Amino acid sequence: MKCGACGVELRANARFCDMCGVKVDRRCPSCGGVIRDVARFCDLCGKALTDAPAPVMPTHQAGIAAGRLHTVAWKSDGCVLACGDDQFGQCRVEDWRDIVGCAAGKFHTVGVRADGRAVAIGDNAYGQCAVEDWTDLVAVACGDNHTLGLRRDGTVLAAGRGGKCEVSGWTEIVAVAAGMDHSLGLRSDGSVVAAGEGMFGSCSVGGWTEITAIAACHMHSLGLGKDGRLRAADAFAAPGIGTWEDLTAMAVSAFHTVGLRRDGCVLASGDTQYGQCSVEDWQGVQAVAVGERHTVGLRDDGAVVAVGDDGSGQCAVTEWKIS
């Protein structure tokens with residue numbers, strides 16, 4: 001079965017597309033009709049439905065992530081590339097193998113292996129790299145100095161300090177995101193939970209519904225609705241992002257926001273001092289990531305593009321071909 005939005009082959013029992021984040025409609029095994037997430041019986045044919053299965057381990061698929069001043073890409077063969085600031089060793093990932101996903105924080109990098117375990121490297125001043133005992137992972141997210149791990153059973157692990165790591169009671173989670181001092185979790189019913197300080201409203205997500213993807217950074221919290229529009233919880237969202245339409249994914253930094261449209265084009269708003277919003281010519285893009293002042297895109301042909309601040313070499317991706 002393929003995603004109706006981006007055409008990527010979906011994992012068995014996937015709730016959301018691993019590539020574009022669009023929610024996958026749950027269908028009745030008897031008549032094929034679309035059914036509600038919480039339904040016990042099909043509204044069309046009346047067939048009794050079993051509980052939805054738990055998420056399964058991700059498979060090898062290329063992707064990108066960006067930290068404050070570094071960029072990371074995992075290849076379809078499980079190897080990882082990194083460039084940019086390496087003062088804490090956060091780019092020393094050349095020996096990583098069998099990686100199916102990565103996340104990048106301010107000064108650390110975390111990867112998920114195909115066996116569900118985690119690897120981490122970089123700044124560990126707050127214990128954000130203490131993930132060696134984590135198992136059954138399907139995804140990770142990095143804040144400035146904390147790390148979240150999403151497990152196959154929908155629960156969440158955290159490494160770091162403070163209220164942003166108080167996620168032990170979260171259940172039915174299908175995606176996680178991390179900011180400077182807060183954490184977000186997307187539940188299977190499209191609602192969102194938050195933990196942390198909630199500066200400037202960053203944790204004010206309790207009223208969100210029908211959300212298909214989440215993103216967080218610094219004091220920002222974004223949700224992508226089923227309608228392809230963004231919801232912002234904080235008081236300092238980039239101008240104009242509420243008018244963007246037909247989005248399938250987004251990424252946010254402290255100073256700018258990027259949206260990926262269904263047609264593969266990219267939108268950007270916010271600080272333009274380093275040209276990090278100069279993405280109007282990008283086409284055929286399937287994923288986006290942002291650092292503090294740079295923007296990265298993964299094209300359909302497997303090439304990686306980047307614009308913005310390159311003072312630490314974080315945009316040195318022109319030779320990368322990751323799928």
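In the predicted model described here, Gln 128 is in contact (heavy atoms within 4.5 Å) with His 108, Asp 123, Asp 144, Asn 145, His 146, Thr 147, Ala 159 and Gly 160, its neighbours within four places in sequence being left aside. Gln 128 is placed in the loop between strand 8 (118-122) and strand 9 (137-142), strands being DSSP runs of E of at least two residues and helices runs of H or I of at least four, both numbered from the N terminus. The relative accessible area of Gln 128 is 0%, so this residue is buried; buried denotes under 20% relative accessible area, exposed over 50%, and partly exposed the range in between (1.4 Å probe, protein chains only).

Residues are numbered from 1 along each chain as its sequence is written, and side-chain values use heavy atoms, with hydrogens and water left out. Because the model is predicted, local features need pLDDT of at least 70 and side-chain atom pairs count only at pLDDT 80 or more, whereas totals for chains, interfaces and linings use all residues.

The chain contains 23 strands and zero helices. Of its 323 residues, 53% are buried. Among contacts with a separation of 6 or more, 38% are made by residues 24 or more positions apart.

Strand 22 and strand 23 run antiparallel and are joined by five bridges. Leu 298 stands opposite Val 304 in strand 23.

Both Leu 298 and Val 304 also belong to the largest nonpolar core, which has 13 residues. Such a core is a set of buried Ala, Val, Leu, Ile, Met, Phe, Trp, Tyr and Cys residues joined through side-chain atoms within 4.5 Å. The members touching the most other members are Ile 64, Ala 73, Leu 298, Val 304, Val 317, Trp 320 and Ile 322. Strand 3 (63-66), strand 21 and strand 22 are the elements that give two or more residues to this core. With neighbours within four places in sequence left aside, Trp 320 is in contact with Thr 71, Val 72, Ala 73, Leu 81, Ala 82, Cys 83, Gly 302, Ala 303 and Val 304. A second, separate core of 12 residues includes Val 266, Trp 282, Val 305 and Val 307.

Strand 15 (residues 211-217) is largely enclosed by the rest of the structure, because six of its seven residues are buried. Strand 15 pairs with strand 16 (residues 220-225) in the antiparallel sense over six bridges, and Ile 211 stands opposite Gly 225 in strand 16. The two strands form a hairpin with two residues between them, and His 218 in the turn has a positive phi of about 50 degrees.

Side chains of opposite charge can pair when their charged atoms come close. With a salt bridge taken as a side-chain nitrogen of Lys or Arg within 4 Å of a carboxyl oxygen of Asp or Glu, the count comes to 16 salt bridges. One of them joins Asp 181 and Lys 164, at 3.5 Å from N to O. This pair links distant parts of the chain, 17 residues apart: Asp 181 lies in the loop between strand 12 (173-178) and strand 13 (182-187), and Lys 164 in the loop between strand 11 (156-159) and strand 12. Asp 181 is partly exposed at 22% relative accessible area, whereas Lys 164 is buried at 7%.

A further salt bridge is formed by Arg 293 and Asp 271, whose closest N and O atoms are 3.9 Å apart. Arg 293 lies in the loop between strand 21 (285-290) and strand 22 (294-299) and Asp 271 in the loop between strand 20 (266-270) and strand 21, so the pair ties together parts that are 22 residues apart in sequence. Arg 293 is partly exposed at 22% relative accessibility, and Asp 271 is partly exposed at 24%. Arg 68, Asp 271, Glu 292 and Arg 293 are linked in a network of salt bridges.

Terms used: Two strands pair if DSSP finds at least two bridges between them.
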